[in-house]
Amino acid sequence: MQEAIVITEQPVSVAVPVGYSFTLRCRAEGHNPLQYQWFCQHQLVCQQIPGATKPDLPITAQQTQLYTCRINDLYRNVVFSDWVKVEVHPCVARGTCQSEKFFATGKVALLVGNNRYQHHPNLMAPVKDVFELSCLLEKLGFQVVSLLDLNKAEMVTAVSRFLQLLEKGVYAIFYYAGHGYEHLGRNYMVPVDAPQPYTPENCISVQRILQKMQQQQTALNLVLLDTCRKWYNPECALSQVQPLAPWGNTVYGYATSEDAEAYELQDGEFSSGIFMKYLKKHILQDKKVTHMLEDVLEDIGRDPLVTGKQVMEIKHTLKEARSLTDPICPLGAAAEHWGRSREPVSEMVTFPCGARVELRFLWLFSNVMSIGAKLWQPPAHITDACLLLCQPSEVDDVAILRERCLDQVECLLTSLYKQEELDCVFPLCGLQNIQADVVLQLDLHYTLQSTSQRTCETLQTTLRKSLLGQFLSQRSHSQPHDQRTPVCSGSMCLQDAAALSTDPKGPAPLRTGPGHSLPSSKPSNTSSEPEENDESDLSDLCSALLRAGPGQDCP
């Protein structure tokens with residue numbers, strides 16, 4: 001039965017300086033006119049906010065408090081939003097203290113891991129590295145989109161969408177793991193469809209992306225390249241270059257030094273890059289970004305497995321002591337539609353025989369999801385129940401998506417679900433290629449105790465194309481990603497998912513060139529600078545920006 005009131009936009013927790021003005025937002029849909037009422041809680045006292053009867057709640061921050069919004073109609077249907085926390089920090093005037101606290105107006109990150117190449121050796125580590133980094137960045141308050149195995153057109157689209165979100169004061173991170181190379185200070189990322197041998201026109205220029213990031217007046221640009229920096233085609237000419245603007249906000253973290261390779265550790269089940277092994281150890285530190293990366297560099301330098309083979313390199317012009325742990329002082333809404341909650345969504349379905357099955361939807365990456373199914377205690381009149389999650393034989397798209405899943409994704413799923421005791425798990429990879437709604441089928445095989453007859457019952461569910469491929473689709477991004485779109489078939493109605501051990505033999509080469517009542521008030525978790533490579537094929541990468549207007553500096 002469809003709910004009478006559905007919240008389509010939840011309020012978001014924020015950390016702001018004292019005296020800062022901002023707005024909490026809540027949106028809902030219903031069959032009848034809706035009424036809003038906001039509540040706040042401070043020191044265990046919860047009270048209604050007088051006059052706060054609109055979807056938007058203007059606030060001038062004075063003290064840390066919790067907030068929630070009640071939505072009801074005239075027929076006594078009521079829902080409450082998530083509780084969110086507005087954390088207020090004292091704001092110290094410049095020059096009054098030796099340690100100045102910085103704020104980000106937003107935090108966004110784009111992570112790309114290319115593993116399965118069409119014309120070059122496949123890699124193993126990017127799957128685990130991108131997954132673990134995305135989890136860590138989410139802990140730091142970043143809105144993260146993580147993507148696997150992109151061709152050149154898809155990489156250009158993903159970067160373009162990423163650049164649209166950047167504005168004044170934003171902290172932006174771009175991370176790439178995969179094949180790559182460098183020549184005369186210019187770095188290139190190799191898409192999965194690059195030919196053999198590849199040339200600059202087949203690849204993506206990192207410097208071009210960085211230049212576009214700087215043009216948005218971001219407060220911090222962090223580019224992390226977990227790729228080799230060797231040059232494998234010296235006969236290919238380079239295009240004209242320009243220096244990057246001296247904004248003093250850029251940090252480059254290279255997994256390895258110039259004209260050197262980056263390595264990964266393989267243990268049979270999981271692989272991780274040497275760079276990521278130590279980055280994840282330090283990235284949550286509350287210190288200047290460059291100091292954090294120096295800790296990573298020192299750890300890599302002490303690793304005997306890569307002594308003389310791989311040394312991290314840092315280049316930057318960061319003039320302020322900005323840290324990835326800095327709180328967010330929101331000034332724009334652009335980043336609200338970027339990224340996706342990693343929390344799984346569950347839905348219970350019931351077969352005609354009475355057996356109940358829980359479906360669990362989990363986004364591993366922004367273009368990789370898994371559907372798990374768990375059979376709960378079956379009715380007494382059936383025995384030997386067996387549950388299968390599969391695709392109907394007439395559906396080809398899912399087969400293609402299923403075949404694209406790497407062994408590393410399968411291993412990751414196994415590790416995530418090892419304590420879930422699921423009966424079956426079905427991964428879908430490469431969702432940016434989806435061309436139609438995906439139909440999945442649940443088959444329940446069981447024996448009737450009364451007749452000892454073996455029986456099979458079937459239910460189907462449809463996953464909407466717009467839900468699966470939204471990050472790299474060509475449609476407008478005006479609709480927030482967190483609006484849950486029902487996907488129904490028959491009696492089933494599902495909603496959008498809210499979403500190293502060291503080899504003793506030593507590391508293997510990685511990412512080389514070719515050849516290598518009020519609800520509970522728990523808050524919701526929501527030196528020298530590289531040169532620019534003016535690649536003609538990316539000259540209008542972001543020619544039409546849809547970003548919001550520039551914000552203002554935090555006090």
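First, my exposure terms: I call a residue buried under 20% relative accessible area, exposed over 50%, and partly exposed in between, using a 1.4 Å probe and protein chains only. I am working from a predicted model, where local features need pLDDT of at least 70, side-chain atom pairs count only at pLDDT 80 or more, and totals for chains, interfaces and linings use all residues. Residues are numbered from 1 along each chain as its sequence is written, and side-chain values use heavy atoms, with hydrogens and water left out.

I started with Asp384, which sits in strand 26 (residues 382–390). Buried or exposed? Asp384 counts as exposed, because its relative accessibility is 59%. I also noted its phi, near 50 degrees, which is positive although the residue is not glycine. Most residues other than glycine have a negative phi, and most peptide bonds are trans.

Gln217 has a positive phi too, near 60 degrees, and is likewise not glycine. I found Gln217 in the loop between helix 3 and strand 17. With a relative accessible area of 38%, Gln217 is partly exposed.

Then I looked at the peptide bond from Gln196 to Pro197, which is cis with omega near -5 degrees. Pro197 belongs to the loop between strand 15 (186–189) and strand 16 (204–205).

**Whole chain**

I looked up the inventory: the protein chain has 8 helices and 33 strands. For me these are DSSP runs numbered from the N terminus, with helices being H or I of at least four residues and strands E of at least two. Of the chain's 555 residues, 54% count as buried. The chain exposes about 24100 Å², and carbon and sulfur atoms supply 49% of that. Those areas come from the Shrake-Rupley method with a 1.4 Å probe, and for residues only the protein chains shown count as cover.

In what order do the 6 strands of the open sheet run? I read 12-11-13-17-19-22, with mixed pairing. Strand 12 (143–148) and strand 22 (313–316) are at the edges with a single partner strand each, so one side of each has no neighbour in the sheet. Neighbouring strands here are turned by 10 degrees against each other on average, direction ignored. I count two strands as paired if DSSP finds at least two bridges between them.

Strand 13 (residues 170–177) pairs with strand 17 (residues 220–226) in the parallel sense, over 7 bridges. Within that pair, Ile173 is opposite Leu222 of strand 17.

Next came the helices on the sheet. Helix 3 (residues 206–215) lies across strand 13, strand 17 and strand 19 (250–254), at about 165 degrees to strand 17. Helix 5 (residues 289–302) packs on the sheet as well, touching strand 17, strand 19 and strand 22, and makes about 165 degrees with strand 22. My axes are lines fitted to C-alpha atoms, for helices over the stretch in contact, and angles run from 0 to 180 degrees between N-to-C directions. Contact means heavy atoms within 4.5 Å.

**Helix 4 and its surroundings**

The axes of helix 4 (residues 274–282) and helix 5 come within 9 Å and cross at roughly 135 degrees. Helix 4 and helix 5 are therefore oblique to each other; under 35 degrees would be roughly parallel, over 145 roughly antiparallel, 65 to 115 roughly perpendicular, and the rest is oblique. Residues in this contact include Phe275 and Leu279 of helix 4, and Met292 and Val296 of helix 5.

I listed the buried residues of helix 4: Ile274, Phe275, Met276, Tyr278, Leu279 and His282. They pack against helix 1 (125–139), strand 13, strand 17, strand 20 (262–266), strand 21 (271–273) and helix 5. Strand 20 has 4 of its 5 residues buried, so it is largely enclosed by the rest of the structure. Strand 20 and strand 21 run antiparallel, joined by 3 bridges, and Leu265 has Ser272 of strand 21 as its bridge partner.

Strand 1 (residues 5–9) is mostly covered, with 4 of its 5 residues buried. Strand 1 runs antiparallel to strand 4 (residues 27–30), with 4 bridges between them. I noted Arg27 in strand 4 as the bridge partner of Glu9.
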